Amino acid sequence: MDITVIIFLLVYLALALGYLPGFRVDRTGAAVVGALAMIGFGRITDKQAWAAIDYHTVGLLFGLMIVSGAFTVSGFYQWLAGRVASLKVSPPALLAFLVVTGGGLSAVLTNDVVIVAMTPLLVSITMSRGLNPVPFLLGFCFATNTGSVATIIGSPQNMIAAQTLGLSFTGFMKVALVPALISLPVVWGAVCLIYRGRWNLAAVEEQTPSATVAAPAQKLDIAETIKAAIVTVAVVAAFVFTDWPREMVALSAAAVMLVNRQVSSKEVIGTVDGNLLLLLAGLFVVNAALAQTGMPQKVVHDLQSAGVDFANPSILFLVASALSNIVGNNPAVMLLAPFLPHAANTDALGAALALGTGFSSNLIIFGSLAGIIVVEQAKDRGVKIGMGEFCRAGVPVTLLCMVLALAWIALLT
């Protein structure tokens with residue numbers, strides 16, 4: 001048990017910090033090494049490790065990444081970013097368009113994939129107009145995190161929560177769509193207030209980007225975009241109107257997108273976030289090994305004895321919110337999922353998990369993969385977003401959205 005706990009703690013320390021202290025091992029590397037260490041030390045057998053990986057969730061996420069990747073390859077994301085960011089409107093109005101765009105796209109195309117595709121384009125376009133890219137990047141990031149709460153396919157943690165609680169696509173939307181929609185004007189208003197008078201690069205003394213990176217020209221492939229849109233609509237329709245396994249629907253859609261006479265399958269697969277898939281697989285194994293010690297069950301039992309009731313959606317919301325900012329939102333749901341009661345109000349519990357991990361993830365940079373991606377990609381393009389800058393906007397956005405979420409959960413219960 002001692003070795004199991006040590007490995008587990010080291011993995012989650014790396015998740016919290018973003019690296020393993022003393023080594024050049026990132027979050028994904030720590031999860032993979034941790035899983036292999038559990039097997040190597042005999043804390044879980046290889047067969048048990050394979051069985052621990054929830055192929056339903058991994059398959060669903062991979063399939064949706066392929067579908068979203070088709071939009072990237074077709075030039076849709078670049079075309080959309082260019083159209084929105086080139087509008088002849090004031091900076092607050094431009095931010096409003098980006099917030100709505102980010103929230104809408106993330107609800108149907110998975111937030112992390114949208115962030116990866118759009119961040120470089122937003123940096124290039126805003127800086128070419130002489131605008132400070134930071135408020136637009138942060139507003140877009142916050143909107144993708146809160147907007148992704150609206151549907152099962154909005155984020156990996158939503159998929160895990162829905163699979164665990166057995167929530168349908170429409171059932172999930174009933175409990176999550178309204179707060180997700182309301183969160184978007186909250187994000188816009190908070191960012192506008194914080195960055196008033198700081199919209200232009202010339203007005204921001206501390207923001208001195210080293211260079212303006214021009215977005216590579218890419219023509220919109222209308223035929224491929226229409227094909228991807230039709231497949232996306234078909235996937236959503238299958239989720240809503242059938243009881244077909246979600247992962248098989250997503251993987252079938254991915255197969256359709258990969259069979260193409262114009263676009264190479266290698267190019268589409270190259271858009272898949274393999275690190276995220278490996279991260280989830282490694283965590284499934286690490287968590288399963290710890291579960292075999294009986295320690296998680298004992299901790300949950302002790303918490304319940306102390307009055308922490310996971311069947312109470314408000315308490316689950318607060319626990320998920322706190323945990324997601326310690327280890328990240330995906331790992332937080334994976335840690336909590338095995339201990340959720342199925343006889344309770346599953347709709348409210350699903351809302352608590354989705355809203356807790358989605359709305360709280362804007363508090364700090366490593367509260368979500370979207371935050372990490374935005375900060376890292378912006379840095380590569382000469383735009384520095386430190387923890388203080390991120391939290392200056394992230395803290396008020398998070399607190400306002402969490403108050404909104406708690407009020408909504410209270411209505412559900």
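**Before you start**

This is a predicted model, where local features need pLDDT of at least 70, side-chain atom pairs count only at pLDDT 80 or more, and totals for chains, interfaces and linings use all residues. Residues are numbered from 1 along each chain as its sequence is written, and side-chain values use heavy atoms, with hydrogens and water left out.

**Stop 1: α8 and α10**

Select residues 133-147, helix α8, and residues 169-194, helix α10. Helices here are DSSP runs (H or I, at least four residues), numbered from the N terminus. The two pack at an angle of about 160°, with axes 9 Å apart. That makes α8 roughly antiparallel to α10. Axes are lines fitted to C-alpha atoms, for helices over the stretch in contact, and angles run from 0 to 180 degrees between N-to-C directions. Angles under 35 degrees count as roughly parallel, over 145 as roughly antiparallel, 65 to 115 as roughly perpendicular and the rest as oblique.

The crossing of α8 and α10 is right-handed. A crossing is right-handed if the near helix is turned clockwise from the far one by less than a right angle, and left-handed if anticlockwise.

Now show side chains. On α8, pick Pro-135, Gly-139, Phe-142, Ala-143, Thr-146 and Gly-147. They meet Ala-180, Ser-183, Leu-184, Val-187 and Val-191 of α10. Contact means heavy atoms within 4.5 Å. The contact of α8 with α10 has 7 nonpolar, 4 polar and no charged residues. Ala, Val, Leu, Ile, Met, Phe, Trp, Tyr, Cys and Pro count as nonpolar, Asp, Glu, Lys and Arg as charged, and the others, Gly among them, as polar.

**Stop 2**

Select Leu-95 in helix α6. Which residues does Leu-95 touch, not counting those up to four places away in sequence? They are Pro-135, Phe-136, Gly-139, Trp-188, Val-191, Cys-192 and Trp-199. Pro-135 and Gly-139 in α8, and Val-191 in α10, also take part in the contact at Stop 1. Leu-95 counts as buried, at 0% relative accessibility. Buried means under 20% relative accessible area, exposed over 50%, partly exposed in between (1.4 Å probe, protein chains only).

Next, pick Leu-94, in helix α6 (residues 91-109). Leu-94 is buried, with a relative accessible area of 1%. Draw a distance from its C-alpha atom to that of Val-84: the separation is 7.3 Å, for residues 10 apart along the chain.

**Stop 3: an aromatic cluster**

Select Phe-71, Phe-76, Tyr-77 and Trp-79, which form one aromatic cluster. How many aromatic pairs does a search of the whole structure find? The search finds 8. Rings of Phe, Tyr and Trp (its six-membered ring) pair if their centres lie within 6.5 Å; planes under 30 degrees apart count as stacked, over 60 as edge-to-face and the rest as tilted.

Zoom in on Phe-71 and Tyr-77. Their ring centres lie 6.5 Å apart with planes at 50°, so the pair is tilted. Phe-71 is buried at 6% relative accessible area, and Tyr-77 is buried at 2%. Then move to Phe-76 and Tyr-77. Their ring centres are 5.9 Å apart and the planes stand at 55°, so this pair is tilted. Phe-76 counts as buried, at 15% relative accessibility.

**Stop 4: α14 and its partners**

Select residues 274-291, helix α14, with residues 329-336, helix α17. They pack at about 30°, axes 11 Å apart. That makes α14 roughly parallel to α17. Their crossing is right-handed. Leu-276, Leu-280, Leu-283, Phe-284 and Asn-287 of α14 meet Asn-330, Pro-331, Met-334 and Leu-335 of α17. This contact divides into 7 nonpolar, 2 polar and no charged residues.

From α1 come Thr-4, Val-5, Phe-8, Val-11, Tyr-12 and Leu-15, and from α14 Leu-279, Leu-283, Val-286, Asn-287, Ala-289 and Leu-290. The contact of α1 with α14 has 10 nonpolar, 2 polar and no charged residues.

**Last stop: Met-248**

Select Met-248 in helix α12 (residues 246-258). Met-248 is partly exposed, with a relative accessible area of 45%.
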